[in-house]
Amino acid sequence: MEEPCRQCQRIRRWLIPIGLGLALIVVALLAACSSAPPPPAERAALPPARAPAPDAAPPALLLRPLAFSQLKGWTTDRQDEALAAFVRSCAKPVPASQKEAGLRRPAQLGTETADRAQACEAARAVPAGDPARARAFFERAFTPYEGMDSRGTEALVTGYYEPIVLGALQAGGRYRTPLYRPPPELVNIDLGLFRETLAGERLVGRLDKGRVVPMPTRAEIEAGALKDRGLEIAWLADPIDAFFLHIQGSGRLKLDDGRTIGVGYAGKNGHTYTAIGRELVRRGALGADEVSMQTIRAWLKRNPAEAPALMAENASFVFFRLSDGEGPIGSQGVVLTPGRSLAVDPAYLPYGMPVWIETTDPLAPASPFTRLAIAQDSGGAIKGPLRFDLFWGAGPQAEAAAGAMKARGRAIVLAPKRAVG
């Protein structure tokens, strides 16, 4: 039997005090244990860098003050592009409570909404399309802090993108792989509402005759657990495309009549995400340094008889909705900006926080890659204080960059100056 997840162990310790009704719900849901808020994507084929032991305490994010002159490439970046993304974040109010963050944010980031409001007001006054004035704004309104944990400053940066795949709104011909909307019986319990020590942790399941039980796994859904219930919103021509659409969390369907429609994240089944790249390494099919989105897809294509079983190893399953907006919407609820939106672990960094990334170019690994991005998203595999995922946009170039991006680097968090006064 597998070791129980850490949050499940913690849940068991407070079952008795919380009352019989809720305790019965929690017991029914332990098999569907999920630590993350509903992420827009599963993403990432590899485990986080230097993953802690299963029984270790969550690592702390530590911040060391820097000067902007210590940021490599700072004076040559297009900060005006990041400013536009930051202003989008400003349109979303800061939650009144910090409980959902998991209570692991450093004091330097501040807790008062006034700090953010002051920066947002100043940002709206900066003319669009002016890199120098945008750069001056960030230097005037923020203080840079190098992120680190107890093991050092090394961050892991990966990438994600918006796939464009062949699809149809009706089943037929080659279109046989469905995308589902969330079933009405799906429930998502925020455990932090009942106990502060469980802030940021959730259980996902379904209602069944007054009981809450686990949702079907990927294998069970693909075997027909949700079939013929009218939950299908679209069909794809390739099950491997569908699998990677689940990993990315959103995408675009190219219809036979030439139209393109968007599909966005609408929920998940609550089962643990399993990286099939890691499984391929365990089997010896790929070397640890060979794993990327492209190599995994190539293996699945070369091994059609084994591909369904391997994909079913990932019990996590994503539900979608049709969308016709200008792009995918991240966890903060704003449209993501290609090259400037960043997925973070919201337990450590609040949405809307600017983050300066220093790593290597995914398409030219010998070259540096530096970029100011805004924390606007999260992901099932994006866990820890130094784990980041950069959104690249849509199309072949975005797919190539996102699939190849998996590099160590440095992350500098920009905190509003009033938050540190």
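Helix 9 and helix 11 (residues 396-404) pack with their axes 7 Å apart, at an angle of about 100 degrees. Angles of 65 to 115 degrees count as roughly perpendicular, so helix 9 is roughly perpendicular to helix 11. The model is predicted.

On the helix 9 side, M293, Q294 and R297 take part in this contact, and they meet E399, A400, G403 and A404 in helix 11. By class, the contact of helix 9 with helix 11 has 3 nonpolar, 2 polar and 2 charged residues.

Helix 9 (residues 293-302) also packs with helix 7 (residues 239-248): their axes come within 11 Å and cross at roughly 155 degrees. Because angles over 145 degrees count as roughly antiparallel, helix 7 is roughly antiparallel to helix 9. The crossing of helix 7 and helix 9 is right-handed. I240, D241, F244 and Q248 in helix 7 meet M293, I296, R297, L300 and K301 in helix 9. This contact has 5 nonpolar, 1 polar and 3 charged residues. M293 and R297 of helix 9 are listed in the contact with helix 7 and in the contact with helix 11.

| Helix pair | Axis separation | Angle |
|---|---|---|
| Helix 9 and helix 11 | 7 Å | about 100 degrees |
| Helix 7 and helix 9 | within 11 Å | roughly 155 degrees |

Elsewhere in the chain, G73 is found in the loop between strand 2 (62-65) and helix 3 (79-90). G73 has 29% relative accessibility and therefore counts as partly exposed. Leaving out residues up to four places away in sequence, G73 touches W356 and T370. The C-alpha atoms of G73 and P368 are separated by 8.9 Å, although the two residues are 295 residues apart along the chain.

Key:
Residues numbered from 1 in each chain as written. Predicted model: local features only at pLDDT ≥ 70, side-chain atom pairs only at ≥ 80, totals over all residues. Heavy atoms only, no water. Axes fitted to C-alpha atoms, helices over the stretch in contact; angles between N-to-C directions. Helix = DSSP H or I, 4+ residues; strand = E, 2+ residues; numbered from the N terminus. Parallel < 35°, antiparallel > 145°, perpendicular 65-115°, else oblique. Left-handed = near helix turned anticlockwise from the far one by under 90°. Contact = heavy atoms within 4.5 Å. Nonpolar A, V, L, I, M, F, W, Y, C, P; charged D, E, K, R; others polar. Buried < 20%, exposed > 50% of the residue type's maximum accessible area, 1.4 Å probe, protein only.
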